[in-house]
Amino acid sequence: MTNQKSGKPSLDYLNEFMSEDDVDLDEAPKKSSDDNFASMFNESTKGETKKLRVGDKIRGKILNLGSAEVFITTGTLHDGILQRSELLDADGNCPYKVGDITEVYVTMVKKDEIRLSKTSTDRNLAEDIKSAFENNQPIPGRIVEECKGGVRVNIKGKIAFCPISQIDSKHIENAAEYIGKSFDFKITEISEGGKNIVVSRRKLLDAEREVGTSHFLSETKDGDITTGRVTRFEPFGAFIELAPGVDGLVHISEIAWSRIGAPSEVLTLGQTVTVKLLKRELVNGKAKISLSIKQVTPKEEKAVEPVVAKDDPWAKLTVGQAFTGKVNRKEPYGLFIQLEPGLTGLLHKSRTENSKDFHFEKVRVNDSIAVQIVEIKMGERQIALGLPGDGSENDWKTMYKSDANASMGTLADRMGAHLVKKK
């Protein structure tokens with residue numbers, strides 16, 4: 001049946017020919033159109049709810065790479081602008097292309113304009129420092145100058161204080177050698193709204209040492225042979241770095257088969273040496289590792305002395321021979337003493353430390369000093385000197401051998417005096 005006013009079939013008439021599965025021709029298109037429009041509108045206004053602030057760190061897609069500016073999505077209705085120069089590498093090339101995702105910082109938000117940068121803002125830096133403190137994470141810094149009680153450290157543009165005791169794991173007297181160097185630090189204190197920052201490098205080194213020591217002890221056993229690097233000398237021995245943060249001690253008696261006065265006589269700082277692990281133990285929670293160099297070194301056989309010409313001044317030298325020589329050079333480790341023209345020996349500082357009457361620091365060049373020969377290396381043309389009386393039980397036999405004009409009575413007197421002294 002037809003509706004006379006509209007000219008369209010009446011609804012009752014159409015329903016007679018339509019099943020429940022038939023689509024409503026009037027209603028279906030209208031509903032679909034409304035849904036599509038709502039979806040498109042919601043999608044287009046989705047970014048309006050996101051607000052950016054200066055200092056925000058965002059990830060965006062590069063939309064356009066211009067000759068001067070780059071446009072990047074910001075997650076809002078407005079794209080951000082980045083200077084192309086900030087994307088260039090060290091060679092002046094741009095490694096990015098359209099579609100790449102990059103991390104940037106918001107530096108300005110003004111109406112419809114958003115400016116971006118690859119460089120952190122003050123707010124980002126402050127957040128990084130706070131995050132490192134709260135999460136107990138290391139943060140890079142550079143020591144810029146000395147100050148009372150320690151040094152000032154530049155941490156992401158902020159000036160922090162590091163006490164002198166926290167600069168290194170070893171004791172230091174002067175922090176000047178650390179100026180200008182960069183290290184990782186641990187933030188130990190933040191106060192006054194971030195204005196007062198205290199850092200420590202030593203805590204990181206100690207933690208590294210604990211981890212390294214634990215690993216080293218679990219991977220080795222007493223008697224193992226390994227290598228290390230000479231890092232420090234002491235009068236009683238040399239310290240060897242076996243692994244990062246793991247040191248062992250070679251006692252002076254375990255450095256060489258021959259008797260030496262100081263570790264520096266046979267070792268040099270930075271030298272790589274082979275060592276034997278004598279004993280590894282934990283003392284008060286700290287690893288104590290005893291080492292030996294001589295036990296992995298073949299015991300030296302007596303060297304064949306080279307033939308010396310009769311007119312060679314070295315031909316008359318013997319161990320124990322006494323001289324009164326002149327100091328012709330002074331070094332921190334010892335004195336170079338001219339015994340005779342063409343004959344110079346070294347009196348190592350360590351050989352003077354047990355003498356109450358000898359004061360190394362007071363000796364000057366050209367001073368006369370009584371010495372005796374304690375070792376002769378003919379092949380290397382080296383003479384090791386000691387103070388009179390420094391040697392074996394038989395020193396008296398050769399101490400005055402160079403005095404060819406000495407009378408038997410004088411020699412007897414000296415022998416008697418030496419025996420009285422021994423008693």
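**View 1. Glu69, Glu113 and Arg115 are linked in a network of salt bridges.** A salt bridge is counted here when a side-chain nitrogen of Lys or Arg lies within 4 Å of a carboxyl oxygen of Asp or Glu. Side chains of opposite charge can pair when their charged atoms come close. This is a predicted model, in which local features need pLDDT of at least 70 and side-chain atom pairs count only at pLDDT 80 or more, whereas totals for chains, interfaces and linings use all residues. Residues are numbered from 1 along each chain as its sequence is written, and side-chain values use heavy atoms, with hydrogens and water left out. Between Glu69 and Arg115, the closest N and O atoms are 3.3 Å apart. This pair links distant parts of the chain, 46 residues apart: Glu69 belongs to strand β2 (residues 69-72) and Arg115 to strand β5 (residues 113-117). Strands (E, at least two residues) and helices (H or I, at least four) are DSSP runs, numbered from the N terminus. Glu69 is partly exposed, at 27% relative accessibility, and Arg115 is also partly exposed, at 24%. The terms follow relative accessible area: buried means under 20%, exposed over 50%, and partly exposed in between (1.4 Å probe, protein chains only).

**View 2. Asp168 and Arg201 meet in a salt bridge.** The N to O distance of this pair is 3.6 Å. Asp168 lies in the loop between β8 (158-163) and β9 (182-191), and Arg201 in the loop between β10 (196-200) and α4 (202-219), so the pair ties together parts that are 33 residues apart in sequence. Asp168 is buried, with a relative accessible area of 11%; Arg201 counts as buried at 14%.

**View 3. Lys97 and Asp100 join their side chains in a salt bridge.** Here the N to O distance is 3.2 Å. Lys97 counts as exposed, at 53% relative accessibility. The total count of salt bridges comes to 13.

**View 4. Five strands form a closed barrel.** The strand order is β16-β17-β18-β20-β19, with mixed pairing. Neighbouring strands of this sheet are turned by 50 degrees against each other on average, direction ignored; axes are lines fitted to C-alpha atoms, for helices over the stretch in contact, and angles run from 0 to 180 degrees between N-to-C directions. Strand β16 (residues 322-331) pairs with strand β17 (residues 334-340) in the antiparallel sense over five bridges. Two strands pair if DSSP finds at least two bridges between them. Arg329 stands opposite Phe336 in β17.
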